[in-house]
Amino acid sequence: MTNNHINQLFDAIAPDENQKENMWKAIERQRRVAHEPSREMRGRASYRKILISLSASLLVLLISATAYAAVSGDIEKLYDRYFNGKGQTVNFANGDTLHYEINGKNTKVAISAVNGPWLVKKSWGRLIVSVNGEKINITEALKKKGYFYYSYRDDNNILHRLYIVKNAGGTKDYAERWYSQMEWLPELGMSGGVRGLSQQLAQAIGMAHLDEEEGKDLDAALQDRLAKYWKEYGN
Amino acid sequence: MDDIYKRNVEMIYRICFMYLKNSTDSEDAVQSIFLKLLKSNTSFADPEHEKAWLIVMTRNYCKDILKSWWRTRKVELARLPEAVWRDDGDRSGEVLDQLLALPDKYKIVLYLYYFEEYSVREIANMLIRKESTIQTQLAKGRTLMKLSLGGHYDK
């Protein structure tokens, strides 16, 4: 390589080791999501409805440190299948944690008391979401569709789906920002990493997932459920 | 894939940065390009073939991104990497800014010719242009850079 000033300039435009590692991790994660079949629980719609209800309850209780829910033995088995043994901690992208334990017929769910940060930052007029080492410009998605979601599997192979969704903006809607943040665990029907989320919006997203499990395309289901939510709870 | 990434990530990032002018979008683009490579199941005859394929792919990807963006062309100067200069470090940010401000067609040609050391003919084949066009763009790019650098570069 000719050692001249132009080359020094080009040489300076290089990712540092951290950037390289983070980009590689993000590629690996996306590749894993793309190639691994989803552990869907088709035919378990009734369980899923219960799980969504459980999750919706948890959303209300997110600010408290611990929530308890009594669930049936079948659901115990369901959770036992996806969690290691009788309990496991799930880490969300914003640092929130959720610990789940099965104790006899009682299911104990502990959620971190401190709300993690927003994953969305504003940069030069764009909304950039940072998740798992990736930085994604979601401005267009929010502008055009009103929602953005991103799926990945964590180190324990649990599927996560991060949602950033436009709020309806009405009086029943929580409006810390004009959009809300939620991370959903589709295979477990649980959620965390929440910021500025109303129960109404959480239910709309949860119901869209239920629609998906009943065979509807997720985007179509989201558009349908969110349109109703925006109409009902908007100004 | 790991090896292809290690061999090419810096080059792909540089090309992305020249077009997109910020690290956030460049990182996103690098990820998308490698994912496209994975999905394409392309096999390469040798590392040179691989490199040339990635250069063309990266350039096309960035051009598509720029076409579709509503984004302004404003660049956050604080996020530009700091070039290291031997003799006039104070001007590094300014000069890098000048380089990035050059029209894309000159930047990519200068990069391939000087940094990657491709010949004019090779660049012409890669970018599907006439050799004379590449020579003209190289000369124009050099002139523009010379004006920016005040003559501080070697031909």
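How many helices and how many strands make up the secondary structure of chain B? Seven helices and zero strands. Before going on, note that this is a predicted model.

I'll stay with chain B for now. Read from the N terminus, its elements go α-α-α-α-α-α-α. The chain has 155 residues, and 32% of them are buried. Taking the contacts in chain B with a separation of 6 or more, 59% are between residues 24 or more positions apart.

Helix α1 of chain B covers residues 2–20, and helix α5 of chain B covers residues 104–115. Their axes are 10 Å apart, and the two helices pack at an angle of about 160 degrees. Angles over 145 degrees count as roughly antiparallel, so α1(B) is roughly antiparallel to α5(B). The crossing of these two helices is right-handed.

Which residues make the contact? From α1(B) they are R14(B), I15(B), M18(B) and Y19(B). From α5(B) they are D104(B), K107(B), I108(B) and Y111(B). By type, the contact of α1(B) with α5(B) has five nonpolar residues, three charged and no polar ones.

Now chain A. Here there are seven helices and eleven strands. Of the 235 residues in chain A, 35% are buried. For contacts in chain A with a separation of 6 or more, residues 24 or more positions apart account for 53%.

The part of chain A I want to show is an open sheet. Four strands form it, in the order β8-β9-β10-β11, and the pairing is antiparallel. Which strands stand at the edges? They are β8, residues 147–153, and β11, residues 190–195, of chain A. Each has a single partner strand, so one side of each is left without a neighbour in the sheet. From one strand to the next, the twist averages 20 degrees.

Across it, Y152(A) stands opposite H160(A) in β9(A).

The sheet also has a helix on it. Helix α6 of chain A, residues 199–213, packs on the sheet and touches β9 and β10 of chain A, the latter being residues 179–185. The direction of α6 makes about 40 degrees with that of β10(A).

Conventions. Residues numbered from 1 in each chain as written. Chains lettered and ligands numbered in written order. Predicted model: local features only at pLDDT ≥ 70, side-chain atom pairs only at ≥ 80, totals over all residues. Buried ≥ 20, exposed ≤ 12 C-beta atoms within 10 Å, placed from the backbone. Contact = placed C-beta atoms within 7 Å. Axes fitted to C-alpha atoms, helices over the stretch in contact; angles between N-to-C directions. Parallel < 35°, antiparallel > 145°, perpendicular 65-115°, else oblique. Left-handed = near helix turned anticlockwise from the far one by under 90°. Nonpolar A, V, L, I, M, F, W, Y, C, P; charged D, E, K, R; others polar. Pairing = 2+ DSSP bridges.
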